[in-house]
Every structure is written in C-alpha cells, then in structure tokens.
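Welcome! Let us take a look at a sheet and at a residue in one of its strands.

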Amino acid sequence: IKQKKRHMGDTKHFCPVSLKENFVLFPGLQEHAAKYKDKIYYFSTSEYRDKFLKNPEEYVAHKGPLQAPPLRVCLLGIHGAGKSTCARQIADKLGIFHIQFEEYLQELILPKTKKKVEPSSDEDREDDNKIPEELEDFSQTMTKSETEKNKQEVQLTDEEEAIKANLMDNMELPPKVLDKIVPDWWKKEPFRSTGFILDGFPRTIDEASYLSERGLCPDVAVYIQVEEDDILDRLLPLRLNKWKDRRRQKKEYKKKLKELKAKKR
C-alpha cells in the first residue's frame, strides 16, 4: 500500500517554539508531534507542543522562511591543546564572537581580586611574602596607606567565591552561578544575532547536562585531541619560568626580611 508522504513543518525536525522564543535549533521528538495545516511539527517538550497548539500562527512562517539562528560552536580540549588559538582564527574567519570561558570568569572577579586567580598548585600562599606586623614600621618600601590597604579583606559574594574556587581548584560551578553567565550568550545581544565560539565550556558531563536542560544547544561541538608530548613541549617552558620567578621572589623576600630584622635589632 502506497503511504501518503508526510510534509514537515517550516522548522523540519527542530522545535518551532524553541526557535521562536529562545532562538535555538532544538531537536524535536516524535512523541511530542502535532499536525497543523497538513504539516507535521515536532517539539522538544509536551509543554511546547501545547503552547504551539494554542496559537500556531505565532510559530509558523508567513511571508518568508523563518530566520535561522547564527552559528554557535563549543570548542573543547585539555589545557594546552590550542583551543584559544584555533578559536580566535575561526572567530575572525566567520565573523562571530570568541568567548574564552576562563578569561570571562577572571574578568567577573578581577575588580575585587585585583589580579588573576591562579590554580592552587601555582599560587603562593597569601602569607608567604607578607611582612610581619612587628617589622612593618621598619619597612621603607611599604607606605602606611599600602599597609592599611593590605589589611583590608576583600569580601566576595557566594557567586564570586564559587568562581574563585573554580579557577583555583577546578570546582564545578553551581547551576545558579551558570544561570547568570551562560544563557546570555544564547539569548541576549550582541551574541544572539551574531553567534559565537565558546572556548573551554562545557568541560564536564554535568556542565553538558546543564546546557541540555536549559535548552542551550550548540550547532556543533569540536574536541581537539593532542598528543601528550606536544602538550609538554608547550606548557613545560612556561611552568618552568613561573617556578623560577616564584623562587626569585621568595629569595628576595627572605633577604628583605633578614634586613628588617637586623634593622629592628
């Protein structure tokens, strides 16, 4: 028996409600399908299907085809794989935004931390190079205002503490923090109409699940795979230079502390 050909709706197998309201191409499911004017439409959820059936004319094409959202790319890979280098080149070529996730987090707390937050394995403890209080009066390199400023503790909000923990110890960001950061790249201008390449997010299964649960679908996810030897060649010289700088600073601190103690005596 010859079956009648099915005619799909304007958005094909993508959800028309997700496209209209979130400007996202979200795949629809057959169990959430509906028919309107002899065309089959698929929806991401039953709620979106019911919303479509209440006012279908709001979600279908009229004079011309529906506008598709811009390109959204997630670029993934281990540290040192060259994600940022590739992302910058792709963004320049395609005319889309380049969002470096870790750098974006740094910018959010930089007004309070005053410096970039380093991983805990690279960061010296705060008290390592601190002049003891009993020797502060003998230090000629530190003014009174600088001393008082250093004594003031910077108060971070819970969200900022979570971001700092993520940058230092790679602790996962809770959904309430991600909700204030990630959805804007899909839903707000200028990213909404221009598109972007997101460098370094998602990094875990939970973060990928977060995007899926919020309906924030990238058009493509690219994982850069690199050999371990190449990573070592790229990162080892930089880490070695940082280690040398920390050793030099520690040596200078010990020398300065010795001079201050002698001056006090």
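## Some ground rules

Two strands pair if DSSP finds at least two bridges between them. Strands (E, at least two residues) and helices (H or I, at least four) are DSSP runs, numbered from the N terminus.

This is a predicted model, in which local features need pLDDT of at least 70 and side-chain atom pairs count only at pLDDT 80 or more, while totals for chains, interfaces and linings use all residues. Residues are numbered from 1 along each chain as its sequence is written, and side-chain values use heavy atoms, leaving out hydrogens and water.

## The sheet

Here, 4 strands in the order S4-S5-S3-S6 make an open sheet with parallel pairing. Strands S4 (97-100) and S6 (220-224) are at the edges with a single partner strand each, so one side of each has no neighbour in the sheet.

Which residue of S5 is the bridge partner of Ile99? That partner is Leu198. In total, 4 bridges join S4 to strand S5 (residues 196-199), and the two run parallel.

## A residue in S4

Gln100 lies in strand S4. Gln100 counts as partly exposed because its relative accessibility is 21% (buried means under 20% relative accessible area, exposed over 50%, partly exposed in between, with a 1.4 Å probe and protein chains only).

The side chain of Gln100 reaches two backbone nitrogens: that of Glu102 at 3.1 Å and that of Glu103 at 2.7 Å. Leu75 is 25 residues from Gln100 in sequence, and their C-alpha atoms are 9.8 Å apart in space.

Note on methods: A polar contact is a pair of N or O atoms within 3.5 Å; within protein, one must be able to donate a hydrogen and the other to accept it, and residues adjacent in sequence count only if both atoms are side-chain atoms.
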